[in-house]
Amino acid sequence: MSDGTGRGWDRDRERDRAADGADRDRAADGTKRDPDRAGGGEPDRAGGGERDQPPWDPALTRADALLLARVSEAAGRARLGRRQATYRPRLAEPGRRWAGLAGARHLLRGDREGAGTGPIDRLDLYERGLTVAVDGRIHVVRYDTTVVRRRRALSAQGLTRAHVLVDLDGERIVLRCGDFGEPEVWGPQIHRSVADAQVPMALAALTRGERVDFGPVWLTRAELGSRGTTLRWAQVQRIEILKGSVAVRTAGRWQVWGSVASGIPNLCVLRTLAEYLTAAERDED
């Protein structure tokens with residue numbers, strides 16, 4: 001209703017504009033507001049969110065919309081492409097929107113002690129990278145430039161598997177498998193995406209005669225080596241991860257060349273290159 005000065009009409013127009021913007025943000029995030037579901041919460045999109053949400057809260061929804069806008073802006077600046085999936089932390093108890101598992105503190109550690117600690121708000125996977133929101137900060141990772149490692153990390157439940165990546169600012173991002181639902185989906189997807197982005201560049205370097213290093217393991221177009229051991233690709237039968245270590249099978253026996261727990265970088269790229277080069281060697285024979 002107008003108060004005769006035009007301010008009432010302006011307020012109505014601003015309110016409608018804000019509602020339209022919030023709806024657009026929710027649509028981009030795969031969610032939408034349903035005013036008739038006052039006790040039903042928000043529907044979950046495929047990708048790891050919990051389906052049992054607390055009642056809809058306008059303040060929380062607004063906060064989610066603002067966070068989504070910042071995530072989308074950061075992803076746009078880094079040219080990550082289209083969003084593919086969103087994962088949010090599990091619910092701890094009714095009445096808390098997104099919280100740690102059983103009251104655990106989810107940590108996002110940077111290179112400096114104490115940097116980036118706190119509960120992770122969301123993980124978004126894109127075509128060419130990912131974003132992680134924590135403590136009001138958006139960390140951006142590109143698949144073609146990051147380093148990803150597998151390791152064990154402490155959590156409230158004890159030791160758990162984790163994926164450690166490097167963001168565009170050079171800080172380490174620790175994603176524990178208990179941070180979000182469906183770690184069997186988002187974990188392998190991240191490693192596949194890193195391999196897809198970096199294997200072509202590594203193959204080009206090998207074709208130029210360069211050596212590509214993966215921590216203690218290195219390879220060239222003709223050889224694979226680690227420390228004092230060198231093998232030609234014709235000698236390599238398989239490369240596997242056995243009991244947490246990188247093992248190379250040659251002449252009917254296994255050689256252990258490095259521990260995954262020690263943080264071999266981009267193991268997914270190493271394995272893909274090794275499979276390609278051993279197959280190429282067999283084809284030439």
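Guide: Two strands pair if DSSP finds at least two bridges between them. Helices (H or I, at least four residues) and strands (E, at least two) are DSSP runs, numbered from the N terminus. Here, β1 and β2 run antiparallel and are joined by four bridges. This is a predicted model, where local features need pLDDT of at least 70, side-chain atom pairs count only at pLDDT 80 or more, and totals for chains, interfaces and linings use all residues. Residues are numbered from 1 along each chain as its sequence is written, and side-chain values use heavy atoms, with hydrogens and water left out.

Visitor: How many helices and strands does the protein chain have?

Guide: The protein chain has four helices and 14 strands.

Visitor: What holds strands of a sheet together?

Guide: Strands of a sheet pair through backbone hydrogen bonds, either parallel or antiparallel.

Visitor: Which residue is the bridge partner of alanine 85 in β2?

Guide: Leucine 125 is that partner. Further along the sheet, β2 (residues 120-126) and β3 (residues 129-134) pair in the antiparallel sense over five bridges. Aspartate 124 has threonine 131 in β3 as its bridge partner.

Visitor: Is β1 enclosed or open, and what does "buried" mean?

Guide: Buried means under 20% relative accessible area, exposed over 50%, and partly exposed in between (1.4 Å probe, protein chains only). In β1, four of the five residues are buried, so the strand is largely enclosed by the rest of the structure. Across the 285 residues of the protein chain, 45% are buried.

Visitor: Where does aspartate 135 lie?

Guide: Aspartate 135 lies in the loop between β3 and β4. Its relative accessible area is 48%, so aspartate 135 is partly exposed. Aspartate 135 and isoleucine 120 are 15 residues apart in sequence, and 7.2 Å apart in space, C-alpha to C-alpha.

Visitor: What is the order of the sheet that contains β8?

Guide: That open sheet of four strands runs β8-β9-β10-β11, with antiparallel pairing. At the edges stand β8 (212-214) and β11 (229-232), each with a single partner strand, so one side of each has no neighbour in the sheet. Neighbouring strands are turned by 20° against each other on average, direction ignored. Three bridges join β9 (residues 217-219) to β10 (residues 223-226). Valine 217 stands opposite serine 226 in β10.

Visitor: What span should helix α3 have?

Guide: The expected span of a helix is 1.5 Å times one less than its number of residues. Helix α3 (residues 183-207) has 25 residues, so it should span 36 Å; its end C-alpha atoms are 35 Å apart, which agrees.

Visitor: Where does α3 bend?

Guide: The bend at a residue is the angle between axes fitted to the seven residues ending there and the seven starting there. Helix α3 bends by about 35° at glutamine 198, and proline 200 follows within four residues. After α3 comes glycine 209, whose phi is positive, near 90°.

Visitor: Which residues are in contact with histidine 191?

Guide: Contact means heavy atoms within 4.5 Å. Histidine 191 sits in helix α3. Leaving aside neighbours within four places in sequence, histidine 191 is in contact with Val148, Arg150, His163 and Cys268. Histidine 191 is buried, with a relative accessible area of 6%.

Conventions. Axes fitted to C-alpha atoms, helices over the stretch in contact; angles between N-to-C directions.
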